[in-house]
Amino acid sequence: MRYNPEQKLATKNKMLKAAHSGFRRQGYEGAGVDGLAKEAGVTSGAFYKHFGSKAVAFRESVQLGVGEFQAAVEMYQKEFGDSWLKEFAAFYLGEKRCSELGNSCALQSLTPEVTRSDADTRLAFQSALLKAVQAFASGLPADRGRSQTNEAWSNIALLIGGVTLARAVQESGLADEIAEAVLGAISRMPDGKA
């Protein structure tokens, strides 16, 4: 049975979403092709037919995840205007931090995996990350003594690091304390609109 191009794309997107969730939950080494295919409701053969390898699926998953971060930033900028950063930080350090790991931000959950991956994956991550940083920076005020790009890097690093630490500790009260400290630091920045 032959599938039309739209069906093939829909199947690949379904597999990519399942792989993305699996990689965030289990990491690259913990996620096997059989499990990723099963989660997508396809065979391992179909998985290999669409991606060629687990490494390619991971690379595409990383790009998808960074793109989702960028899309969320752009949505918050559009919806909240000048107060977007404070609203985004509250979401990222609250609801997004507390979501199930399979729904976590790829920048928080997959970056450590990227550091151990091949050069092509690291380059794909870098390319997607630079676009996300540019989008983040575009929503920050200019002429504050630092470049918008530097402020974007600082804020993104605070958000990702804060969520990573908060997710890693056992006590929920301590996790909340970490998140609140990071939110406070972002809110005190000139672009945090506190």
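Start by selecting Lys-12: with 23% relative accessibility, this residue counts as partly exposed (buried is under 20% relative accessible area, exposed over 50%, partly exposed in between, with a 1.4 Å probe and protein chains only). You are looking at a predicted model, where local features need pLDDT of at least 70, side-chain atom pairs count only at pLDDT 80 or more, and totals for chains, interfaces and linings use all residues. Residues are numbered from 1 along each chain as its sequence is written, and side-chain values use heavy atoms, with hydrogens and water left out.

Glu-60 sits in helix α4 (residues 54-80) and Lys-12 in helix α1 (residues 5-30), so the pair ties together parts 48 residues apart in sequence. Helices here are DSSP runs (H or I, at least four residues), numbered from the N terminus.

Next, pick Arg-59 and Asp-118, whose side chains meet in a salt bridge at 3.2 Å, N to O. Arg-59 is buried at 17%, while Asp-118 is partly exposed at 32%.

Then go to Asp-176 and Arg-97, another salt bridge, at 2.9 Å, N to O. Asp-176 belongs to helix α10 (residues 172-188) and Arg-97 to helix α5 (residues 84-98), so this pair ties together parts 79 residues apart in sequence. Asp-176 is partly exposed at 34% relative accessibility; Arg-97 is buried at 10%. By this rule, the count of salt bridges comes to five.

Note on methods:
Salt bridge = Lys/Arg side-chain N within 4 Å of Asp/Glu carboxyl O. Helix = DSSP H or I, 4+ residues; strand = E, 2+ residues; numbered from the N terminus.
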